[in-house]
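Welcome! Below is a short tour of one protein model, looking at its inner spaces and at one strand beside them.

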Amino acid sequence: MEIRVLRYFLEIARQGSMTAAGQTLHVSQSALSRQMKELEDELGQKLFRRGSRSLSLTEAGILLRGRAEDIVGMVDKTADEFGAMDDLQGGDVYLGCAESCLMAHIARIIRNFRKKYPLFRYHIVSGDWTVVLDRLDRGLLDFGVVVEMPDSDRYQYLELPGADTWGVLMPAGHPLAGKRAIRAEDLYGQELICSEHAAQADIPRWCGAQADRLKVTGTTNLAYNGSIFVREGLGLMLSFEHLISPSAENGLVFRPLEPRLESHLYLIWRKYQVFSPIAQRLLDAFCAE
């Protein structure tokens, strides 16, 4: 299985058309068709459903697309790393980051780092704990930024300064908006939105056995999307302060939890990881802070 053929497959999957993919790749339709037939023969599976005007992926094709994206991404990342070994003016670094106002600390370090290495490029993937660790473990990221103490047997880490404060985002007209802070019993009977990780770890850490009496009816890994659901009356969102700015325009207010609940932010990387030169220098910059 050649990387070139996987790139062809991914472009066809994106375009939904051999003809359109061929124009983008500057490869004839007949050549693409032949390559895809050989790929299907090699895998022993049909990858495409052929309609009158377009192509769609079979179940096997969907599986291959996920694998091919990882493989091609890893190849491109490796090529970038080797290409940057003799060019310490720049290079590419990949970070997977949780949503947090503490990301400003990361941003300031990168801003100063780019003054010294003007050709440095950063690529940020936003996601929750599971998304970041999955991509880090598969070698698609150089660093992760997460809001839970990492497993020290698998990862090395730096704790970043500051802490995020938990609270409840709700419509300004909600009965709980008049409270100074929100206790667990205030949320009994309320429909709640939060991340899956918060439901499994942070809420029990806050209210212990009372967590069983709270009703999480929706989960999200992006606060902005969750805030839209709050505005539309689908529930109250447990989230960090400052991720969404309450205002008259969005009609939302934020109230902290009581007792106070905080989360810390950690920069993590795999144990025994070998970094590209630019990634190592960025890590040195983080460690120097």
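How much space lies in the largest cavity? About 330 Å³. This is a predicted model, in which local features need pLDDT of at least 70, side-chain atom pairs count only at pLDDT 80 or more, and totals for chains, interfaces and linings use all residues. Residues are numbered from 1 along each chain as its sequence is written, and side-chain values use heavy atoms, without hydrogens and water.

The structure holds 2 cavities of 30 Å³ or more. A cavity is a set of points, on a 1 Å grid over the protein atoms alone, where a 1.4 Å probe fits but cannot get out; lining residues have an atom within 4 Å of a point.

Of the 24 residues lining the largest cavity, E99, W166, S195, N221 and F240 lie nearest its centre. β10 gives the largest share of this lining, 4 residues. The second largest cavity has about 40 Å³ of space, and its lining includes L169, F240 and F254.

Now to strand β7 (residues 164-171), where 7 of 8 residues are buried, meaning under 20% relative accessible area with a 1.4 Å probe, protein chains only. Strands are DSSP runs of E, at least two residues long, and two of them pair if DSSP finds at least two bridges between them.

| Partner of β7 | Bridges | A bridge pair |
|---|---|---|
| β10 (residues 236-240) | 4 bridges | W166 with F240 |
| β11 (residues 252-256) | 5 bridges | M170 with V253 |
| β12 (residues 262-263) | 2 bridges | T165 with E262 |

Note on methods: Buried < 20%, exposed > 50% of the residue type's maximum accessible area, 1.4 Å probe, protein only. 1 Å grid on protein atoms, 1.4 Å probe; cavity = no way out; pocket = protein on both sides within 12 Å on 5 of 7 lines; lining within 4 Å. Points joined across faces, edges and corners; volume = space filled by probe spheres on them.
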